Amino acid sequence: MQKKVAIIGAGITGLVTAFYLKKNGVDVKVFEKQNRVGGVINSFSENGFIFETGPNSGVLSNIETVNLFNDLSDYCEIEEADETSKKRLIWKNNKWNALPSGLFTAISTPLFTFSDKIRVLGEPFRKKGTNPHENLSDMVKRRLGKSFLDYAIDPFISGIYAGNTDYLIPKYALPKLYNLEQEYGSFIKGAIKKQKEPKTEDDKKITKEVFSVKGGLVELINALAKNIGEENIKTNCNNLEVKFEDNLFIVDNEKYTNVVSTVNTQAIKEVFSFLGEEELKNILNLKYAKVVEAAIGFNNWEGNDIKAFGGLVPGKEKKNILGVLFMSSIFENRAPKNGALLTVFAGGTKREDLFNLPEDELKELIKKDLQEMMGLKTFKPDLFKLFYYEKAIAQYGVDTKERISAVNNIQDKYKGLFLAGSIVNGVGIADRIKQATDIAKQICS
Ligand SMILES: Cc1cc2nc3c(=O)[nH]c(=O)nc-3n(C[C@H](O)[C@H](O)[C@H](O)COP(=O)(O)OP(=O)(O)OC[C@H]3O[C@@H](n4cnc5c(N)ncnc54)[C@H](O)[C@@H]3O)c2cc1C
């Protein structure tokens with residue numbers, strides 16, 4: 001049988017896989033449960049605001065993401081973050097403090113204790129860790145000190161994982177940081193040496209810039225869907241079931257040589273009923289952070305200066321929100337002239353209680369935090385909408401090794417099946433694009 005691929009789920013992972021398969025002449029069909037494509041990515045244009053309801057931006061952190069935008073350049077326009085948004089803020093002592101960006105600010109910042117600042121000078125000479133399953137808190141305390149954990153890494157982890165540093169394992173959750181220690185013996189030494197290493201042409205293109213798309217991230221989804229073709233995408237697929245017979249997969253009464261799953265753990269269980277409980281045990285136990293996202297817009301901004309990327313709130317500061325992005329400072333045309341668009345995140349693994357609050361109560365808590373943090377005398381937004389994600393971000397804990405093994409075992413046993421999505425290989429948009437590109441390459445070869 002000629003190669004024919006079914007993709008389950010039309011989020012960014014499924015669509016990028018389908019896009020590259022189609023580009024290589026492979027027969028592909030995408031099956032999506034909802035009545036629209038894009039998964040958690042969606043953007044809206046309302047009364048002069050362009051707001052996201054899922055991810056707000058990505059990072060050009062790998063060549064696959066750079067190449068995707070080049071391949072789609074006739075269909076959507078990448079927008080890199082404004083220079084002013086290089087400034088990142090952390091809440092401490094009832095005010096925003098800029099994250100240090102150079103030696104002087106590193107010495108003068110009130111974010112870290114004097115003794116930790118001195119201690120950091122010894123980081124390059126500290127012994128390398130030997131426990132691959134050490135959690136992030138222990139790793140950071142060991143190499144940098146407690147105040148770096150509390151006022152740099154904890155808020156950073158809220159920003160990416162909405163997670164807990166005691167739970168996440170750097171080897172899986174922050175592999176680049178983990179590898180710096182393992183390969184170079186130190187974060188600082190590793191970062192300096194890596195900067196000096198000769199760069200390939202691909203390396204030079206990986207700018208690490210923050211990106212969105214002109215008009216919002218949904219334009220990336222529209223560009224992908226247009227290229228895949230309406231006839232190759234089936235939405236509203238309820239109770240989809242994949243069967244495995246005679247080394248082929250049957251989806252919607254048609255035979256396929258390959259199936260790529262991009263759905264979350266709950267859906268894997270429902271869709272792939274031929275997979276046994278024992279086979280799936282170490283996959284289904286994946287934990288996710290629950291997140292509520294608020295899009296908040298003001299026609300006339302009367303708060304503090306927001307010329308920055310946004311601010312993150314360390315758990316120690318005991319606030320309700322995890323952080324706030326100043327979207328109208330980062331990207332163009334996100335709010336009316338003189339107005340502002342903010343995105344606020346709440347919940348995460350440390351504040352799951354907020355996820356279950358009635359919407360009005362959560363809005364009150366967000367309002368209280370924002371009024372204080374953004375210097376707003378009154379709080380009368382012209383846009384205030386909440387979006388709920390029960391399985392927002394996968395948490396790569398100590399069980400990740402077993403999960404990767406379980407995925408590999410299933411893929412070995414049922415040749416042609418790929419279990420993708422954020423259950424493995426990273427949670428960011430760029431990670432999703434890389435995984436999808438790699439899978440399409442494997443299928444084509
Ligand atoms: C609130 C939020 C904020 C985020 N912020 C950022 C950010 O700023 N930067 C960043 O890089 N990343 C961010 N992320 C992470 C990033 O958005 C995701 O990792 C990525 O978009 C996930 O894409 P995906 O295709 O793997 O999964 P999804 O987008 O979840 O797509 C999976 C698709 O499968 C479909 N599906 C489910 N069950 C079935 C079924 N039974 N049959 C058929 N289809 C089914 C779903 O409807 C969905 O369309 C954020 C995520 C969330 C939730």
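**Entry 1: Leu-224**

I started with Leu-224 and found it in helix α11, which runs over residues 218-228. I kept in mind that this is a predicted model. Is Leu-224 buried or exposed? I noted a relative accessible area of 0%, so Leu-224 is buried. Next I looked up its partners, leaving aside neighbours within four places in sequence. Leu-224 is in contact with Ile-12, Leu-15, Val-16, Phe-19, Leu-68 and Leu-72. I also checked Leu-224 against Asn-62, which is 162 residues away along the chain. Their C-alpha atoms are separated by 19 Å.

**Entry 2: the ligand**

Ile-12 turned up again when I moved to the ligand: a backbone N or O atom of Ile-12 lies 3.1 Å from one of the ligand's oxygen atoms. Lys-33 also takes part through its backbone, with an N or O atom 3.1 Å from a ligand nitrogen. For Val-40, I read 3.0 Å between a backbone N or O atom and a ligand oxygen. How much of the ligand does the protein cover? On its own the ligand has 1000 Å² of accessible area, and the protein covers 85% of that.

I then asked which elements give two or more residues to the shell around the ligand. They are α1 (12-23), α12 (265-271), β19 (383-395) and α17 (429-444). Strand β19 gives the largest share, three residues. I counted 30 residues around the ligand, and the closest are Thr-13, Glu-32, Ser-57, Val-427 and Ile-429. Sorted by class, the shell holds 15 nonpolar, eleven polar and four charged residues.

**Entry 3: Asn-56**

I looked at Asn-56 next, in the loop between β4 (49-52) and β5 (58-59). Although it is a loop residue, Asn-56 has a relative accessible area of 4% and is buried. What does its side chain meet? A polar atom of the Asn-56 side chain lies 3.0 Å from the backbone oxygen of Gly-54. The side chain also makes a polar contact with that of Thr-343, at 2.8 Å. Not counting residues up to four places away in sequence, I listed Ser-212, Leu-217, Glu-293, Leu-325, Met-327, Phe-331, Thr-343 and Phe-345 as residues that Asn-56 touches.

**Entry 4: helix α5**

Which residues of α5 (136-143) are buried? I wrote down Leu-136, Ser-137, Met-139, Val-140 and Arg-143. Looking down the helix axis, I saw these buried residues fall within an arc of 165°, so they line one face of α5. The buried residues of α5 pack against α4 (114-120), α6 (146-161), α7 (170-173), α8 (175-184) and α9 (187-196).

At the start of α5, a side-chain oxygen of Asn-135 comes within 3.1 Å of the backbone nitrogen of Ser-137. Just after α5, Gly-145 has a positive phi of about 120°.

I finished with two loop residues. Asp-252 is not a glycine, yet its phi is positive, near 55°. I placed Asp-252 in the loop between β12 (248-251) and β13 (254-256), and at 39% relative accessibility it counts as partly exposed. Lys-318, also not a glycine, has a positive phi of about 55°. Lys-318 sits in the loop between β16 (310-312) and β17 (321-326). With a relative accessible area of 70%, Lys-318 is exposed.

Methods
Residues are numbered from 1 along each chain as its sequence is written. This is a predicted model: local features need pLDDT of at least 70, side-chain atom pairs count only at pLDDT 80 or more; totals for chains, interfaces and linings use all residues. Side-chain values use heavy atoms; hydrogens and water are left out. A residue is near a molecule or strand if one of its heavy atoms lies within 4 Å of it. A polar contact is a pair of N or O atoms within 3.5 Å; within protein, one must be able to donate a hydrogen and the other to accept it, and residues adjacent in sequence count only if both atoms are side-chain atoms. Accessible areas come from the Shrake-Rupley method with a 1.4 Å probe; for residues, only the protein chains shown count as cover. Helices (H or I, at least four residues) and strands (E, at least two) are DSSP runs, numbered from the N terminus. Ala, Val, Leu, Ile, Met, Phe, Trp, Tyr, Cys and Pro count as nonpolar, Asp, Glu, Lys and Arg as charged, and the others, Gly among them, as polar. Buried means under 20% relative accessible area, exposed over 50%, partly exposed in between (1.4 Å probe, protein chains only). The arc is that of the directions from the helix axis to the C-beta atoms. Contact means heavy atoms within 4.5 Å.
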